[in-house]
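Keep the sequence and the model side by side as you read.

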Amino acid sequence: MRQAEHLESNIFQSVKQLETTTVLQHTLGLTLTKRGNSYAARCPFPGHEDKRPSFIIYPGNKGAWCFACQRGGDNVAIISQILDVKPIEAARLIANEFGLQADCPLSTAERQLLQEQAAQRTREREAVRAFQRKINDAVRALGLLVRTTEQVLAAGGYSAHVELADWLTGHDYRKFLLQVLQDKNYKIQLQALSDPEVIRWII
Ligand SMILES: [Zn+2]
């Protein structure tokens, strides 16, 4: 075995022997609750908004698994998926966190880069959540307006009221905006979200 390969296999072995709970608490700051012999936490994988703890961490170095999004694995597999880095980078990051860096030190720049990448992904997830909340608010507000208007229309007797006639001229447009807000493409949703008619009702 060449020297570099030998060091790589060493670092994988060392990191895989660490307690998974300790690795995840230390590296990701997960909050764990005891569940039988294991621990449960909200799933840390990107894209999974875990409402209840679906992520089970097994005792010892047996890794963890999310029963909702079906992702998991050993210490290295989990960290590499969450931070979106290669397994060797994940192993080096963990080794570094636990002072096992003698074989394969992570430079300060590499470490900062990995942490910055993780922070960036967290910010992106938060931005997506905030965007989704705004869309939901807008859909709720506009949906209520559209439904109320349609109830008034169904009841009839509106034509005598000038104000209501004015209101009705915007009805089709609000229905259109409601559809656009629920589009699959976030760029299109964003356009609807910045429409004055939407802003007017959600602020
Ligand atoms: Zn999950």
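Start with β2 and strand β3 (residues 55–57), which pair in the antiparallel sense over three bridges. Two strands count as paired if DSSP finds at least two bridges between them. Across this pairing, A41 stands opposite F55 in β3. This is a predicted model: local features need pLDDT of at least 70, side-chain atom pairs count only at pLDDT 80 or more, and totals for chains, interfaces and linings use all residues. Residues are numbered from 1 along each chain as its sequence is written.

Now turn to the other partner of β2. Strand β1 (residues 33–35) pairs with strand β2 (residues 38–41), again antiparallel, over three bridges. T33 has its bridge partner, A40, in β2. Two residues lie between the strands of this hairpin, and G36 takes a positive phi near 60° there. Strands of a sheet pair through backbone hydrogen bonds, either parallel or antiparallel.

Five strands make it up, in the order β1-β2-β3-β4-β5. The sheet is open and its pairing is antiparallel. Why is one side of β1 and of β5 left without a neighbour? β1 and β5 (71–73) stand at the edges, each with a single partner strand, so one side of each has no neighbour in the sheet. From one strand to the next, the twist averages 25°. Axes here are lines fitted to C-alpha atoms, for helices over the stretch in contact, and angles run from 0 to 180 degrees between N-to-C directions.

Helix α2 (residues 20–28) touches β2, β3 and β4 (64–66). The direction of α2 makes about 125° with that of β3. Contact means that the C-beta atoms of two residues, placed from the backbone, lie within 7 Å.

Next comes helix α3 (residues 75–83), whose buried residues are N75, V76, I78, I79 and S80. A residue is buried if 20 or more other C-beta atoms lie within 10 Å of its own, exposed if 12 or fewer, and partly exposed in between, with C-beta atoms placed from the backbone. After α3 comes D84, with a positive phi near 60°.

Finally, the protein chain as a whole. It has nine helices and five strands. Helices (H or I, at least four residues) and strands (E, at least two) are DSSP runs, numbered from the N terminus. Of the 203 residues, 21% count as buried.
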